[in-house]
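Subject: Structure handover

Hello,

Here is the structure we spoke about, with some notes on what was found in it.

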Amino acid sequence: MGKKRHSEHSNDPFFVAAHNRTRQQPQCTQPDNDGVPEETCAQQNHSPKLASFTSQNAQLFITIPSFVALLLLVSSIAPAMCHPLQGNHTFRPHHELLNLRRVRAHLKNINKPPVKTIQSPDGDLIDCVLSHQQPAFDHPKLRNHTLLDPPERPRGKNHTKVDRESESFQLWSDSGETCPDGTVPIRRTTEEDILRASSIRRFGRKPRAVRRDSSGSDHEHAVVFVNGDQYYGARASINVWAPSVSDEFEFSLSQMWVIAGSFGKDLNTIEAGWQVSPQLYGDNYPRFFTYWTTDAYQTTGCYNLLCSGFIQTNNRVAIGAAISPRSAYNRRQFDISLMIWKDPKHGHWWLEFGSGVLVGYWPANMFSHLRSHASMVQFGGEIVNSRSRGYHTATQMGSGHFADEGFRKAAYFRNLQVVDWDNSLLPLRNIHHLADHSNCYNIRQGTSNVWGTYFYYGGPGRNVRCP
């Protein structure tokens, strides 16, 4: 699929009129006198050629009146046929028109009719869609699903200053507009969003070559993880930055993974965090995202609400929308708190943002291995290294600075916890570290009374030690 921009053809019947791209607030963290973070505060045109004919042949076969009439006809149509097509009249080959029809059909499927639309300062359009009409219920397994009441939350949550709730954390809510009760906010997908993808089928999905080692994958990680037990959820506060992504087809993200199955074709994952993905969103804003798969990213699952599966229950959080404010180097720091856990009563996997904001849930019957529990929980950063210029990418992870630089400079995760079989939050035990290429991106883990289990991570990508 091409990467062409078609906004100049705004009235073409096969293009939209224009590309309309389109704060709970992240918490800010300040250090105490010894530099250890202590307080947190809420926050092709084709021009047909005219067939030629000679005047001699015309004189032989055409009478004078007919010849004059023919000249008048030719003079009236020649400018349109002989000059390049301009403005709203572009000829397109059949395969391109067919592809655009497919794009439009896909858009009609995922963009549900809104009862209200909110314009975000960053250009996004946020559609307020009736809850029972959201994309989740297009899935055959969810056709007769009834929305559930809020589940029992895990016990032992760390009720410190870091969890105080504020009013908003996304740009679209800066206008003061909200979605009505009974609706869910959904970021509208545009034609250009889909046309940036490699295909309609792969739109909204992660590349399939995802591995957790350094054996040649184009995905690189700096993570901590725990395994060897049964896990029923995870929680962390994730520092938010806007890392530079140097290639349109790369991304940089920071997230939690709840994992079951092998890293073969039966991998089940539930994921949430923030990401910068120019291909998916068309810009470089960090955006709150979710993901799930039941077959190692092959055919099932997607980002956000771009396919059926995740059921949203909240009218204040738009999955896929830009996060604001963000952290800046050696300045104020902001993070978002996320928790994923398995409801003990119904078995579904719920997502919470901040202090008590339930975003929605992944139904248990969508999964195979994760139907019961997870066998691994992972936290950290991931980038794509496409080597499109023949050398390592300069796409940044986290803040774009190595872990050794510490607070205000390197990105962090803090208050890492897992949920056990008894629906209790516990600190991590037997922690493992993984940095696929530590000269490009690294990680450093620690423990404190204020931050619990935490780590710094990230890096600049290409540098003298990362060619």
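The side chains of Thr300 and Thr293 are joined by a polar contact of 3.3 Å. A polar contact is a pair of N or O atoms within 3.5 Å; within protein, one must be able to donate a hydrogen and the other to accept it, and residues adjacent in sequence count only if both atoms are side-chain atoms.

This is a predicted model: local features need pLDDT of at least 70 and side-chain atom pairs count only at pLDDT 80 or more, while totals for chains, interfaces and linings use all residues. Residues are numbered from 1 along each chain as its sequence is written, and side-chain values use heavy atoms, with hydrogens and water left out.

Thr300 sits in the loop between strand E10 (287-293) and strand E11 (311-312); helices (H or I, at least four residues) and strands (E, at least two) are DSSP runs, numbered from the N terminus. A polar atom of the Thr300 side chain also lies 2.9 Å from the backbone nitrogen of Thr294. Thr300 is partly exposed, at 21% relative accessible area (buried means under 20%, exposed over 50%, partly exposed in between; 1.4 Å probe, protein chains only).

Glu191, in helix H4 (residues 191-195), is buried at 3%. Its side chain makes a polar contact of 3.0 Å with that of Arg104.

There is also an open sheet of three strands, in the order E3-E4-E5, with antiparallel pairing (two strands pair if DSSP finds at least two bridges between them). Strands E3 (114-119) and E5 (183-187) are at the edges with a single partner strand each, so one side of each has no neighbour in the sheet. Five bridges join E3 to E4 (residues 125-130), and Thr117 stands opposite Asp127 in E4.

Regards
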